[in-house]
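I opened this structure and kept short notes on what I looked up. The entries follow in the order I made them.

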Amino acid sequence: MTALDEDRLAGAVGPRLGTRSGPRHLTGRGRYLGDHPVPDLCHVAIARSSTAHARIISIDTDEAAALPGVVAVVTGSDLEAMGARRFDHLLGPPFRPLTWPVLAIDRVRFVGEPFAAVVATSRAVAEDALEAITAEMEELPPVVGVDAALAPGAPLLYPEWGTNVFLSTENATPGLDQAMAGAPRRLTERFESHRVCGLPIEGHGAQATWDPGAGRLTVLASSQQPHQLRSVIAEICGLDETHVRVISPDIGGGFGNKQHFTREECLIGLLARLTNRPVRWSQDRTEALTASVHARAQIHDVEAGYDTNGRVLALKVRVLSDLGNPVLYFSGAGPAFVTVANLTGGYTIDHIGWSLTCVATTTCPIGAYRGFGQPEAHFTTERVMDLIASDLGLDPTEVRRINLLPDSPRPWRGHGGQRIDVGPLGSQLDLLLERFDYESWRREQAAARDEGRYIGVGVSTLVQGTTPTQNDTAGRFGSLEMAAVTVLPDGRVDVRVGTKSQGQSHDTTFAQVAAGALGIPPELVEVRDGDTDALAYGQGTWGSRSAVMGGGAIIKAAAAVRAKLARVASGLGHVLPSEGSVDLDVYHRVAEVAWWHAHLLPAGVEPGLTASAVYTPGFTGPSPAGGANHDETYGSHATAVAVEVDPATGTVRMLSAVLVSDCGVVINPTIVEGQHQGGFAQGLGIAFLEECKYNDDGQPLSATLLDYTIPTALDVATVQVVHRPTPSQTAGGFRGVGEASIIAAPAVLVSAVEDALRPLGVKLNSTRLHAASIRAAVRATGWKPDAAFWALRLRVPGEL
Amino acid sequence: MTTMSSVVEMVVNARPVRAEVQPRTTLLDFLRDELGLTGTHAGCEQGACGACNVLLDGRVVRACLVLTVAASGSEVTTVEHLGTPDLLHPVQEALWRHHGLQCGYCTPGIVMTAVDLLSRISAPSDAQVREALSGNLCRCTGYAGMVAAIVEAGRTRDEQAGVE
Amino acid sequence: MCHLGLDRCRPTARSTVKLPPFEYVRASTTAEAVAALAADEDAKVLAGGQSLLPLMSLRLAHPTVLVDIGPVGLAGVEVVDDSSRRDGPLGAGARSIRLGALVCHRVLESDPVVAEAVPLLAAAARYVGHPATRNRGTLGGSLAHADPAAELPAVAVALGATAVAVGPTGARQLACSTLAEGYFTTCLAPDEILTEVRFPAAGPRHGAAWCEWAPRTGDFAEAGVGIDLDLDGGGAVARLAAAACSVGPIPLDLGPALAAAGVVGATSLPPALLRTAARATEAATSAASADKAELTGLLAARALAIAFEGARKRRAEARA
């Protein structure tokens with residue numbers, strides 16, 4: 001597959017087309033999981049542990065089962081009796097072996113772990129029945145946080161392991177210790193990325209129908225990876241993959257939260273089969289916040305050695321990762337592996353070493369959230385750059401500049417084998433500083449300080465791996481994408497793709513890609529995703545992979561169709577060019593002839609205009625020097641923000657935010673900007689507002705949207721996006737974009753707030769930058785607010 | 001009168017509706033399950049997210065925090081009544097143009113809140129729009145497009161009113 | 001946000017979103033409502049429902065009967081001569097504003113009569129939840145729910161509002177300062193209904209401000225202060241009323257502390273006086289955390305400054 005540059009997709013790729021799905025959603029015509037009525041639909045409510053850690057003695061469901069309207073009440077044992085199989089992560093050493101049942105049978109290991117389920121004629125009745133279930137539990141001591149999990153004599157979640165450590169591994173470049181010892185200056189710090197949750201506004205959910213005659217299960221699931229969910233449901237329910245159909249309808253946001261293959265999705269399949277009734281489970285907010293997927297929750301013990309110019313000579317990071325109860329496929333260990341692979345970011349750090357310790361705790365499983373391990377790495381890397389600047393009295397942009405990857409060679413091979421193919425980083429930083437007007441913000445900062453106000457500037461230079469490919473057992477979770485492209489007799493193009501849009505507007509961008517590849521207007525293209533019956537295979541949407549993988553597969557299939565269009569045209573005495581726009585009259589004539597008038601086709605040309613393709617760029621795998629590259633391509637994004645901090649309340653006001661974006665060929669700038677703006681808002685939410693909190697007993701303290709506070713329109717400033725694309729070598733020249741700004745945001749915001757509070761000497765080592773944390777950090781310096789100054793100064797925007 | 005189920009009568013999207021409901025049926029469930037108006041979305045059912053916002057007697061409310069029995073005799077307007085995919089309401093049109101939605105799940109609630117705002121303030125400022133939207137959670141967009149869209153929709157309407 | 005008090009009673013055991021079953025009584029008169037409440041000790045009044053229904057959907061409240069008092073009316077807004085008032089603000093005459101218990105937050109926020117007569121109430125109402133909940137949430141509901149973080153109970157305490165409660169034995173009048181007795185607990189009997197709240201009407205040289213701080217606007221205030229004052233003809237603070245929310249189980253009257261700090265009688269609010277006022281507030285709220293007390297002190301200083309500035313403007317306008 002040769003790379004297409006921007007020009008070859010010109011015309012269709014590049015314009016700011018309005019989203020296809022927009023009018024449908026704006027008028028309430030979207031069809032999400034809960035919008036698919038089925039006759040005799042039953043509803044499921046799930047009984048969940050109210051204790052962090054307990055042995056299940058008995059579960060009494062009799063009273064619940066007797067309530068009018070209750071169709072069935074099941075426990076984990078009931079499901080196994082009907083043939084349900086256990087989940088198995090299938091990973092070998094260094095992972096501990098682990099299997100888990102659909103519903104907990106012997107033990108519960110976090111508040112929210114499911115242990116029984118009710119099927120009833122309405123959700124309300126199912127919930128009435130939940131209140132009638134009694135479970136006798138023998139409480140066991142909770143394990144909350146990494147330190148508690150590693151403490152000598154800690155209670156064990158899985159006694160058979162003899163420890164709470166699920167996984168422990170390490171790696172280092174040769175000569176690390178000498179380089180560290182020889183470094184003129186050193187710093188040692190502990191950084192924390194606190195526990196948060198993706199929280200799509202539509203909760204997760206699944207709805208299943210069993211066809212007993214055909215032995216076929218159809219599951220609607222709000223899933224980002226329908227084809228892979230099919231595999232898991234088939235395994236757990238004991239069916240062949242050909243007997244399971246998974247449909248992902250409109251999805252109200254995913255962000256990784258709907259990427260895992262959950263107990264509940266399999267439960268719904270089993271219950272449909274058990275009751276022979278269609279059943280639906282819609283995750284509620286408390287479930288979403290306590291019993292779905294949490295993320296981040298890493299502590300990094302960092303040692304960095306550097307010279308007096310600010311150049312980092314050696315970096316050593318001990319990563320402690322809290323996995324919660326690790327009962328998820330590619331549980332929190334997945335993001336943690338991504339973290340350790342990305343610790344050098346876009347910098348040429350000579351020596352790197354890391355250790356990774358992943359522990360089980362009696363809390364909600366840790367898993368995917370937009371960024372998937374990279375935000376934790378980036379936070380540490382950027383903190384190191386800032387602290388070096390601070391130590392040496394250098395400008396933080398200069399410390400970054402001296403450490404950035406040089407412009408050649410490309411690809412740059414990282415220590416771990418990463419094949420980094422980004423565009424030039426130094427000039428990207430220059431453009432950022434110019435567009436952000438860095439110098440003028442430094443002047444504003446100085447002027448503000450004279451007035452007793454606290455303005456700060458933060459900068460981040462992110463190199464983001466995208467489009468991950470897994471090796472070995474995890475290979476089932478992503479290494480390729482599939483698409484089918486068909487030009488129908490009326491000239492309309494049916495595109496099917498194995499990615500799954502959750503708001504990224506793939507119906508629009510992929511129509512643009514297909515149209516560009518075929519040389520026709522995007523209006524002729526219709527994109528379908530999210531149905532295992534519509535396309536044989538696919539690997540879903542996550543990891544900033546869709547444009548590269550899905551777009552690549554579409555380009556590959558469209559190229560085959562286009563070649564055939566040209567052959568048929570030629571047989572009819574016309575010329576269809578191999579690039580650029582085609583003559584639409586000829587195109588439509590060819591479409592008719594290909595399907596309807598086989599006798600007019602040139603000799604040897606079969607009827608039809610359809611092709612399917614499986615695509616992978618092929619840039620991952622072992623590197624020449626050992627190690628492995630897990631990302632097909634890389635994007636680079638440079639971000640700068642200016643903030644004003646009110647040290648009295650800890651309120652942070654965004655004054656300016658600029659992001660210079662290189663996501664490769666830009667399919668639709670408006671949609672790319674939307675990804676950046678939305679990701680930034682989520683990153684801002686992590687820093688300023690959000691946390692999945694537990695008390696020492698393992699009780700969640702953020703179980704509703706009043707406790708887990710996500711940003712509102714009053715909290716988020718507009719990010720100015722500057723496009724500076726450099727094409728990648730993937731099929732469309734794309735690099736992927738969805739996760740960039742959420743990776744950058746916590747790092748750049750902490751950087752800016754610390755910079756603002758520099759006169760007070762505040763040091764910020766956690767992504768938890770909530771107002772109360774800022775107040776506490778400020779108060780710890782002995783600073784006290786002046787009430788008169790505060791009362792009379794300009795009122796804080798956002799305050800009514 | 002004490003009852004375990006009641007007959008309610010209301011006007012929904014300009015059509016009279018009569019139905020028997022349980023007291024515990026929220027207006028959200030009634031609209032979705034009984035009337036099939038699934039454009040009103042269940043985001044939290046705790047009154048926190050705004051995805052279920054509808055107009056009740058012309059004023060925006062959370063449908064999950066209104067009992068259907070208590071809304072008997074009222075007039076309800078949902079997102080389905082404001083425009084069609086082919087003929088968008090000006091607020092919907094502006095939101096589309098400004099990319100003020102991504103996954104679309106919070107969108108109906110945003111539309112209803114914006115319509116309510118513009119019925120009270122003819123050309124709201126950026127700050128007024130943000131304040132009005134602060135009860136509607138969106139996880140995808142970061143709000144920039146929707147704020148710009150609603151400001152523009154207000155200004156456009158104001159200018160047109162000036163011309164007429 | 002409607003104030004649920006969920007920080008004190010978080011759901012964890014089960015996941016629920018649907019209301020538990022209950023009987024529904026649509027009361028068309030106060031007497032009907034009271035009779036229905038008296039008939040079942042687990043019956044509850046349904047006003048706007050913006051706090052009660054979320055608690056029920058989380059199954060943290062299981063009332064057997066909901067008595068909907070919406071049809072009773074109780075939504076009047078009326079300025080009345082009030083000869084019972086002896087403590088009327090200077091130049092205001094003896095006027096009060098009488099608000100039905102079911103006047104919704106949105107009316108408090110936007111009704112020009114309310115804004116003119118009880119500016120502090122209008123200012124604070126903007127901070128209650130969001131537009132969609134303010135359209136349903138009611139004044140009486142907020143007072144009877146007695147959330148310690150709520151704005152309106154603190155405003156009622158600051159202004160010395162009175163309320164009318166109707167029960168099986170008839171109506172009684174009570175001072176709003178005696179209404180809240182603890183976290184989410186009032187002196188109302190289970191079969192009593194708030195029907196009316198009276199606030200003293202503001203005078204011509206009046207200033208008011210509500211200042212609060214929350215991590216997000218519309219959330220529970222971590223600290224909030226309302227200030228309401230009148231200047232005399234010479235421009236000195238002649239009367240001062242103040243209260244804070246979120247610093248204890250019930251609203252805290254800050255009037256005495258600020259008077260002692262020397263605010264009453266002041267003809268200007270120089271920085272030193274603002275600092276003294278903040279310290280006095282901090283001391284008065286020290287039972288809360290030091291963090292909260294400090295925030296409350298800052299907010300008191302700011303609210304004072306804004307209220308004083310507003311009163312000065314009005315005085316200047318009145319003279320012009």
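How many residues lie between E12(C) and E13(C) in their hairpin, and which residue in the turn has a positive phi? I counted five residues between the two strands, and the residue with positive phi, about 90 degrees, is Gly235(C). I note here that I am reading a predicted model.

**Entry: strands of chain C**

I looked at the pairing next. E12 of chain C covers residues 223-231 and runs antiparallel to E13(C), with eight bridges joining the two. I picked out one pair: Asp230(C) has Arg239(C) as its bridge partner in E13(C).

I then checked how covered E13(C) is. The strand spans residues 237-245, and seven of its nine residues are buried.

E13(C) has another antiparallel pairing, with strand E14 of chain C (residues 252-253), through two bridges. Here Asp253(C) in E14(C) is opposite Ala243(C). These strands also make a hairpin, with six residues between them, and Ser246(C) has a positive phi near 70 degrees.

**Entry: chain C against chain A**

I turned to the contact of these two chains, which takes 40 residues from chain A and 34 residues from chain C. On the chain C side, helix H10 (271-284) and helix H11 (290-319) each supply at least two residues. H11(C) gives the most, seven residues. I sorted the chain C side by class and found 18 nonpolar, 11 charged and five polar residues.

**Entry: nonpolar cores**

I looked up the largest nonpolar core, which has 435 residues. Among the residues with the most contacts inside this core are Val118(A), Ile554(A), Val67(C) and Ala301(C).

Leaving out residues up to four places away in sequence, Ala301(C) touches Ala787(A), Ala788(A), Trp790(A) and Ala791(A), and within chain C it touches Leu274(C), Ala277(C) and Ala278(C). I also found a second, separate core of five residues, including Ala52(A), Val111(A), Ala291(A) and Cys364(A).

**Entry: domains**

For chain C the domain assignment gives domain 1 (23-70), domain 2 (72-200) and domain 3 (206-319). I read 37 Å between the C-alpha centres of domain 1 and domain 3 of chain C.

Chain B is assigned domain 1 (6-81) and domain 2 (90-163). Their C-alpha centres lie 22 Å apart. Where they meet, 14 residues of domain 1 of chain B are in contact with 11 residues of domain 2 of chain B. On the domain 1 side, strand E4 (53-56) and strand E5 (59-62) of chain B are the elements that give two or more residues. E4(B) has the largest share, three residues. By class, I noted seven nonpolar, six polar and one charged residues on that side.

**Entry: sheet of chain B**

Which strands stand at the edges of the open sheet in chain B? The sheet has five strands in the order E3-E2-E6-E4-E5, with mixed pairing. Strand E3 (15-21) and E5 of chain B are at the edges; each has a single partner strand, so one side of each lacks a neighbour in the sheet. On average, neighbouring strands are turned by 40 degrees against each other, direction ignored.

I looked at one pair in detail: E4(B) and E5(B) run antiparallel and are joined by four bridges. Val61(B) in E5(B) stands opposite Val54(B). Last, I checked helix H3 of chain B (residues 107-120), which lies across E4 and E5 of chain B and runs at about 40 degrees to E4(B).

How values were computed. Residues numbered from 1 in each chain as written. Chains lettered and ligands numbered in written order. Predicted model: local features only at pLDDT ≥ 70, side-chain atom pairs only at ≥ 80, totals over all residues. Buried ≥ 20, exposed ≤ 12 C-beta atoms within 10 Å, placed from the backbone. Pairing = 2+ DSSP bridges. Contact = placed C-beta atoms within 7 Å. Nonpolar A, V, L, I, M, F, W, Y, C, P; charged D, E, K, R; others polar. Core = buried A, V, L, I, M, F, W, Y, C linked by C-beta atoms within 7 Å. Domains from an automatic or database assignment. Axes fitted to C-alpha atoms, helices over the stretch in contact; angles between N-to-C directions.
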